[in-house]
Structure formats: structure tokens, C-alpha cells
Amino acid sequence: MTATPDGAGTTEIATGMAEAARAWIEGLDDGQRATATGHAPVAADADAERRHWFYTPTDHGGLTFHEQRPPQQRAAMALVASGLSRAAYVTVSTVMGLENVLDHTEGFVAMFDRTRGRDPHMYYLRVFGEPGSTGAWGWRFGGHHVSLNFLVVDGVVVSSTPCFLGADPATSDLLGGASLRPLGRVEDLARDIVRSLPADLAARAVLLDRAPPDLEAANRTVPKPGDRHIPLAGIWRAPFVDPVEQAKLEKGSEAIEERAGLSEDDHRALELSEDPKGVPASALDAGGREQLRLLLGTYLQRVPDALSPIGRYDDDAALDAVHLAWAGPTEPGAPHYYRLQGPRLLIEWDNTQREANHAHSVWRDPTADFGLDALAEHRAAHHR
């Protein structure tokens, strides 16, 4: 399970989640409620939709903010906040607002087979099952560059992954010469570690002098060895109804692949593997190890403390098993990718598109994403 062994803490958070979920659902009308709710995660077939997740501006499934009145939107955000740390909630809110900035960047023309392609109200919330202290239920919130996934079993939060945050633009100008970088530390800490490595370790850490154009595990339900990034056009729920918009998407996707210019050997160097690639934390000096713990925190502390496994890495042996791999140049502003991999841990980052001003980051537990391990145990115990 993704959650820490702090049962009291996870129970308290689960109670808050259930209260927020019920308050949101009770404030909806019957039509809204039909869109906002899904099957309880008790049978494998019925649970399939809960395990679909995306990070493109596609249909994430659920009730959008467009379909809600302001009090309902507030209740929806209260549920979102119940699963996040304060810093992560601020980041999610900022990422949603960046849709307006991105629309300006592109000249207010993106459509994507809907009335507005870059839309801060096109975020979807859905609750699966009956929120409460018994049985299994979950919720999912997502839209462009946000995907949050939680599962609660018998009143305990058992999973909070996959947890995806992106930013486009990754860096935006602010008044007075300042910059808005919602994921700046997520990028900089990893780069600083790699740049500080001696030559022999740097050669092990940097898998390739070019970066893949996206995450290697993409939005697959279960990451596995051999996974390679999926071209952009494949990270959508369905093809566009409008053939002109679909053609634009496919053309843009092909251009991204061409710019990456990866050969078969390059793909093999970057693809996921059972044995982690890169440099283990055990090879880092004290400063590098401390930076690695800070970097882990930018992912694992996206959830409240009681849900976060960050404390696991206070144990030197646990930290030693985490490997850092990098691809691309290490100079700021260049397209790049990195991942952290270890037992029950897969973290990926890329900032390659839009001239390295379009970032993706995800925290996953490959053995327990969506709470599939805890759910299997629950089904075995209660649904024989």
C-alpha cells in the first residue's frame, strides 16, 4: 500500500475525505450525480474505469467544473484539498490557472474538438463507490497536467498514486523580473545532484545525451519493464470527432517524435527495466544524499504527512536502493528527463516540449498504484 503504517493518521484523513465527498455529492442534482459517480471498486471489471488516467487535455471522466455551480465547485475543491498537502494544493491550483497562460502563449486558438482547448474549468471529478468507513471507495480528479487518484478501504487511505503534476509553461514571467515555476524545485534538485557527480558517476547516471519526449511509463495502469514513452496522440481517451482537429494532433505528435530523434538503441537505453538504471544513492556523498531526500519530498510530500512514505527514506538502507537516472544535457534550459526508481517507487520527470518549457512529473508505486494490492486483499476477504 502507498500509505504509511500510521493507521490513525490515514483513518483521520479518510474520514475527512468521506465527509468532503458526501458533501459534494449531496449538493449535486440527479443528472450531475450520475456523471459524478462511478462503480464501487469491488469487482475487477466494474473497476476498470477508475484505473484510466490521463494528463493531456482529454476527457478524464467525471463532472467538470463547467457543469457545476460555484458552491458545488467549492465543495469539489474541498475534496481535492482533503488528499493533498498545503503545498501540493497550491501547486494544483496554480497548474489549473496556467491554462489561461497557455492559451495566451498559443494565441487563444487551441480547440481539441471542444469549444475551448485550454480551459481552467475542464477538470473532472468522480467518486467511485459509497464514501464511508466500511468497504472500498475512491475518487479521481484530473485534467490537463493534473491526475490525482485515491483509494480508501475500510476507513483507511491505502493508495494515493498515480500522482501527476505538470506545468505548461514550466516557467512564466512575473512582474519585477520574477518567474513563476510551480515545479522549479522538482527540476532543479535533480539537476544539481547530477551536475555535482564526479565524472565516473555522471557517466553512469546519464543514460543518453538526448531526452525522450515524454514519460517512459506514460499513463499505463501498471508500469512494467520494457515500457517506452507513448507518442502524444496516444495519451487521449479517444480520437477527436473532428477529423481536422485529430489531424492537427497527430501532426504535432509526429513533430515531437521527429525532434527527439531517438533510435532503437536510444529507446533501449531509456526504457523501463526491472533492475533500476542510473546511480544508486549509496554512491552519493552526504550532500548528494541529502539533496536526494529533498527531491523525493517534492513528490512524496504531495499528500498529507500521514499518507506520505517519505519517512521510509530516513532509513539509509531504503535510500541506498533508490537509483537516479538522467537523459539529455544537464545545462538549465535544455530538454531533459530523469527518473528515480527503487522498491515500490517509480518517479519520472520530463521537460522537453515547447523548447524545454513544458514539464511533467509523476509519482507511482508500481506494485500498488490505484490500491490494487489492498483491493485484492479486500476482495479475497469479503467477496468469496
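A residue is called buried when its relative accessible area is under 20%, exposed when that area is over 50%, and partly exposed in between, as found with a 1.4 Å probe on protein chains only. The structure is a predicted model, in which local features need pLDDT of at least 70 and side-chain atom pairs count only at pLDDT 80 or more, while totals for chains, interfaces and linings use all residues. Residues are numbered from 1 along each chain as its sequence is written, and side-chain values use heavy atoms, with hydrogens and water left out.

Threonine 91 is buried because its relative accessible area is 15%, and this residue belongs to helix α4 (residues 86-105). Helices (H or I, at least four residues) and strands (E, at least two) are here DSSP runs, numbered from the N terminus. When neighbours within four places in sequence are set aside, threonine 91 is in contact with Leu165, Pro182 and Leu183, where contact means heavy atoms within 4.5 Å.

For the chain as a whole, twelve helices and 15 strands were assigned, and 56% of the 384 residues count as buried. The C-alpha trace spans about 60 × 50 × 45 Å along its principal axes. The radius of gyration, taken over C-alpha atoms, is compared with a globule rule of 2.2 Å times the number of residues to the power 0.38; a compact globule of 384 residues would have a value near 21 Å, and the 20 Å of the chain agrees with this. Among the contacts with a separation of 6 or more, 67% are between residues 24 or more positions apart. A separate pair, alanine 368 and valine 222, lies 146 residues apart in sequence but 9.0 Å apart in space, C-alpha to C-alpha. Alanine 368 is found in the loop between β15 (359-364) and α12 (372-382), and it is buried, with a relative accessible area of 0%.

The length of a helix can be checked against an expected span of 1.5 Å times one less than its number of residues. For the twelve residues of α5 (residues 184-195) this gives 16 Å, and the end C-alpha atoms are 16 Å apart, which agrees. The buried residues of α5, among them Gly184, Val186 and Glu187, pack against β10 (206-208), α9 (286-300), β12 (323-327), β13 (336-342), β14 (345-351) and β15.

Backbone geometry was also examined. Most residues other than glycine have a negative phi, and most peptide bonds are trans. Aspartate 113, however, has a positive phi of about 65 degrees; this residue is in the loop between α4 and β3 (124-128) and counts as partly exposed, at 31% relative accessibility. Histidine 145 likewise has a positive phi, of about 70 degrees, and is located in the loop between β4 (136-143) and β5 (146-153), where it counts as buried at 2% relative accessibility. A cis peptide bond, with omega about 5 degrees, joins threonine 161 and proline 162, and proline 162 lies in the loop between β6 (156-159) and β7 (163-167). The bond from aspartate 168 to proline 169 is also cis, with omega near 5 degrees, and proline 169 is placed in the loop between β7 and β8 (172-173).
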